[in-house]
Number of protein chains: 4
Amino acid sequence: MAVRAAVAGASGYAGGELLRLLLAHPQVEIGALTGNSNAGQRLGALQPHLLPLADRVLEPTTTEVLAGHDVVFLALPHGQSAAVAEQLGPEVLVVDMGADFRLTDPADWERFYGSPHAGTWPYGLPELPGARAALEGSKRVAVPGCYPTAVSLALFPAYAASLAEPEAVIVAASGTSGAGKTPKAHLLGSEVMGSMTPYGVGGGHRHTPEMSQNLSAAAGEQVSVSFTPTLAPMPRGILATCTAKAKPGVTAESVRAAYEKAFADEPFVHLLPEGQWPATASVYGSNAVQVQVAYDEAAGRIIAISAIDNLTKGTAGGAVQSMNLALGLDESTGLTTIGVAP
Amino acid sequence: MAVRAAVAGASGYAGGELLRLLLAHPQVEIGALTGNSNAGQRLGALQPHLLPLADRVLEPTTTEVLAGHDVVFLALPHGQSAAVAEQLGPEVLVVDMGADFRLTDPADWERFYGSPHAGTWPYGLPELPGARAALEGSKRVAVPGCYPTAVSLALFPAYAASLAEPEAVIVAASGTSGAGKTPKAHLLGSEVMGSMTPYGVGGGHRHTPEMSQNLSAAAGEQVSVSFTPTLAPMPRGILATCTAKAKPGVTAESVRAAYEKAFADEPFVHLLPEGQWPATASVYGSNAVQVQVAYDEAAGRIIAISAIDNLTKGTAGGAVQSMNLALGLDESTGLTTIGVAP
Amino acid sequence: MAVRAAVAGASGYAGGELLRLLLAHPQVEIGALTGNSNAGQRLGALQPHLLPLADRVLEPTTTEVLAGHDVVFLALPHGQSAAVAEQLGPEVLVVDMGADFRLTDPADWERFYGSPHAGTWPYGLPELPGARAALEGSKRVAVPGCYPTAVSLALFPAYAASLAEPEAVIVAASGTSGAGKTPKAHLLGSEVMGSMTPYGVGGGHRHTPEMSQNLSAAAGEQVSVSFTPTLAPMPRGILATCTAKAKPGVTAESVRAAYEKAFADEPFVHLLPEGQWPATASVYGSNAVQVQVAYDEAAGRIIAISAIDNLTKGTAGGAVQSMNLALGLDESTGLTTIGVAP
Amino acid sequence: MAVRAAVAGASGYAGGELLRLLLAHPQVEIGALTGNSNAGQRLGALQPHLLPLADRVLEPTTTEVLAGHDVVFLALPHGQSAAVAEQLGPEVLVVDMGADFRLTDPADWERFYGSPHAGTWPYGLPELPGARAALEGSKRVAVPGCYPTAVSLALFPAYAASLAEPEAVIVAASGTSGAGKTPKAHLLGSEVMGSMTPYGVGGGHRHTPEMSQNLSAAAGEQVSVSFTPTLAPMPRGILATCTAKAKPGVTAESVRAAYEKAFADEPFVHLLPEGQWPATASVYGSNAVQVQVAYDEAAGRIIAISAIDNLTKGTAGGAVQSMNLALGLDESTGLTTIGVAP
């Protein structure tokens, strides 16, 4: 089977990472590549690491250009996917790497994005309970946000096993590529090297409702989320430190057992041996997720920590993994659990 | 007044930072510099940034060498200060930058350090309620740990004003200098650049009881601490994200007011204007502390975040600030609130 | 004596570093701070590391605002200083941190900057032969470029002692702050971390004629310069590797002797002991210059290497040092040779 | 065909990178993995990014353990390969990633390594004139050093086309992984982040004779090399800035033409379009080489710059590429020209 794929938004970081993965996918043929402000430019000037595509030229993001592909990936600014998607036929697999179709509650969408809610698509985090079934054969996929990917995978086992109280406290550090390629002063190398700084503190980050949605579904009750993202001096990676008060009767053993069970058959999630902790460097460029969990008896809290590559498992790798499921391919096709380190 | 100061442990990061500050202190004359494995070496080879001291030679850390100074700073591995200190006369100001005399509860010490408790000295964090009075004129000072400095300053106002429930959840990122200068594989540049990783998770970090001690004192009740430290790819800096559930009736205004009051007259703690968040880069090489606080109404939590330079305010700057108080000098002498950025 | 100083261009990196130094200068009182696009903003939002100036508000860069100061520093884009300077009276000390008045040959200026040459001012690199005399009492100073500072100090002793053939080959690595604070995609943290890349290769960099001018003056003959600058993943610092073929009869000893003589009385240039090499980290935030030199007998070349902080000695520190000379103050006032490390 | 490969020295950076590549090689089956001080440890603890091999245990480096493989890779400290290699039969392909068999002149070896010369094997840089023929079918391969790989590829076209005078001046920046995984103080993250520093200046670096050997062979005359390596604050990558005086009659066009011809059919060397310069980030984790060349008419010099990943093309990728040739496989099998960026 040859799957012909178009990428809308090929000049950004998410688009570039997607192309890196698609180039290694044995069943994908890369079709149209589009950009808006960069239309007409050689990809070699915009994504110099993608040598095999150096001479490809970006086209404008139009329905005509995107037509005639089996899969269309949308790596567009939040809020722009819906308009493009509705012009693509129902026979085309549309994988949206933006936020437009992630949330189930229109009120959440409107509060955080300030525009009408476009709808909800099957959610591209196959490791969540029930997610694989919804993705298999689907023609529409909403790829999760990078933070919700890291956080949901770290915490859902505790909630699914009813081990944790429904108030999660999360602090996560992200590499700068998560903030995109648009030049802004606070993202300059001079500013970020040597610095850690928080942003969107106090519930303001748009990924908060998505985390709450995922954890609540696992828990079967509403889980509130206190989420503080921080910008770390590295290009890639998310380290999510997620804690919740343990329910009565929880022990270190019951916590460990819940995590072992949750990830026993997962190809990409690796529960580390006890005593070893996740590091973003270990999953650099990989679709793997490193998870470790501890029970702090003195504080009465479960502490689950995950490391992902925000651009791979957190964005483009999650998109390819979901595409594989939607197309009926082996879920791991074209993806690796091997990081580039050191 | 000329104060003659000796530094035991001058070849490490804490000792080097202390010397950097003492060189700028108008009333200090730098006396003996000692090291053990490095005794006999030129300081220029060990601390090449301290140009004015390049030709000084390290002496062994003995009572004879340390004798005859007005102040002796101990920048020694934890557990080694007590033996040295007891041989220094009661008329000498001894400023211990190790952990030996920080904890009030011998059981805490024994649990985390595994040796008999040496005692408790006045605690060198002047900004804490009551701390200045204990430091003024004292001949013994226990300089706080770097994490407890950042965390206690971020959270004590909430506890002192009875705004927060006595269960704090803290995640902090530290630059690598906090781990010291002894070569270890996981601290190699190749390993740390591009990586975030936690350590001492689940209550195991030795700074946990010190934080709990400080916050409990401010609260007037026992405060439990869930503390997760992470290693960040930067040489210096701590960003501490500290949260606690708000007590009933708390509002954004009452939180802000408590912090404004707590830091109104502090020369080194800067409560940022609303909307601006701490960044470790802004306090690089400075004794300043940036603090910001938010009340997340949806999650019902207070989120207080601080940034310090772990080597300056977190270690050597705190030591000099305490020395100034102990000697009756202006507390700010020789210290700056100006960072080196970008 | 109280010197009242204005800074035009206070929101950029050069302006920020200058303010950091002026705050530590015992005889300077900081007057007007100007910016153009940032006029009206609090300095605390633009330069959050300069805590004592946090509440100062930027004014527009006009003659009225700059009037009434003893010293006016111009940290403006290249080509904009001349227009401002000519409106400042001859009694005002004007220190230009831009390129406008550095070059002596109008043809060089026109070739590299494409506009009419504004003139030549005394050159603010006091360590060069004859430079101090020209600066003392001058009312106009042209601060050198950061690369020419590093390169000229590394190589002029070899040329002044007639040890080197008049063809210098220079490769220098600069931290990203040298490229300024204007947001550009290739300067994003995501792009620069983990990457080394050259620019302005083949003689195109505007600092090339300035280097040639300095080295030719030292040599007493025209020195050609092959200069390749590279962008390094660090915020600050320049490491300049400068080589030239040795003239006949040169020995390792004659090279060493020339450098020892050249820097014997220099307060800021430190010729390292043999076997120790410059590191940018050692001069971080300092006005010091580390220099080392070797004679590669097999290749017949002299290799001189210098490390500076591009913002301090390479820009703002050089400006203050020159101001001190122009005002008749001790040359080192307000400046340090102590770096912030690690 | 299934090729069974053993790796001696699997715990270091070169060994880890080799395993990363072999895991992606469709015809290689990974056999014994050995280490000395780390024998008995799980690879998951030593190379946590190599998830599929996490449960493999390191064996001691003995003839018995290495026996029975089709290929044995030696990633051992310099000087240790010869003793191991001579115990492996002539039917086994031995790929030495150390220096032992790179140099043709025993005097060079003895001068730089201080031990008897073990011999010379076919040199694993297929892009050099004549190198492929020597590698095809060979049972012994000497993988080049990382610096010589970058430098030889940047400069040999100029020498092969008789465009350059036989005195090359080279300054190269390397990521820290080139210095290995053995903990040393100057390689700590605290030391290297934010710093550039040279080492082995003045002809002392062991890679110098290897560069000279390669360039001399291309030139047909003895080429002297002035080589200055610098340590850059990044984990991986080499940027080599290589210059030489142009011979009379050289033009920008003749230089460009020589490089286009040299690399026209090379699968891994990419001569960038004019105006675009190599960046180490673009070849991160890739076997690609980016090359650009300029002719500086004013200085009369050719400036050729290359970027490689020191661990991939500079070590393990070069080893796999050579193995492919030696085994009669397609040279590119298991290798990629796609970097992981940003």
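Are Trp109(B) and Tyr113(B) buried or exposed? Both are buried, and point 2 picks them up again. My notes follow.

1. Ground rules. This is a predicted model, where local features need pLDDT of at least 70, side-chain atom pairs count only at pLDDT 80 or more, and totals for chains, interfaces and linings use all residues. Residues are numbered from 1 along each chain as its sequence is written, chains are lettered from A and ligands numbered from 1 in the order in which they are written, and side-chain values use heavy atoms, with hydrogens and water left out.

2. The stacked pair in chain B. Over all chains, a search of the whole structure turns up 22 aromatic pairs (rings of Phe, Tyr and Trp, the last by its six-membered ring, with centres within 6.5 Å; planes under 30 degrees apart are stacked, over 60 edge-to-face, the rest tilted). Trp109(B) and Tyr113(B) make a stacked one, 4.0 Å centre to centre with 10° between the planes. Because they are 4 residues apart in helix 5 (residues 106–113) of chain B, about one helical turn separates them. Helices here are DSSP runs of H or I with at least four residues, strands are runs of E with at least two, and both are numbered from the N terminus. Buried, as used above, means under 20% relative accessible area; exposed is over 50% and partly exposed is in between (1.4 Å probe, protein chains only).

3. The edge-to-face pair in chain C. Tyr147(C) and Phe227(C) sit 5.0 Å centre to centre, edge-to-face, with 70° between the planes. Tyr147(C) belongs to helix 7 (residues 146–160) and Phe227(C) to strand 8 (residues 224–231) of chain C, so the pair ties together parts 80 residues apart in sequence. Tyr147(C) counts as buried because its relative accessibility is 2%; Phe227(C), at 0%, is buried as well.

4. Where A meets B. Here 38 residues of chain A are in contact with 38 residues of chain B (contact: heavy atoms within 4.5 Å). The buried area is about 3100 Å², with carbon and sulfur atoms giving 66%; that is the accessible area (1.4 Å probe) the two parts lose on being put together, summed over both. The rule finds 2 salt bridges across this interface (a side-chain nitrogen of Lys or Arg within 4 Å of a carboxyl oxygen of Asp or Glu). Have a look at the one between Lys245(A) and Glu167(B), at 2.7 Å, N to O.

5. A buried Glu in chain B. Glu331(B) is in the segment after helix 11 (312–327) of chain B, and its 11% relative accessibility is why it counts as buried. Its side chain makes a polar contact with the side chain of Arg132(B) at 2.7 Å (N or O atoms within 3.5 Å; within protein, one must be able to donate a hydrogen and the other to accept it, and residues adjacent in sequence count only if both atoms are side-chain atoms). Leaving aside neighbours within four places in sequence, Glu331(B) is in contact with residues including Pro126(B) and Phe268(B).

6. Backbone points to check. The peptide bond from Ala341(A) to Pro342(A) is cis, omega near 0°, and the bond from Ala341(B) to Pro342(B) is cis too. Ser162(A) has a positive phi near 55° without being a glycine. Ser162(A) lies in the loop between helix 7 (146–160) and strand 6 of chain A, and it counts as partly exposed because its relative accessibility is 45%.
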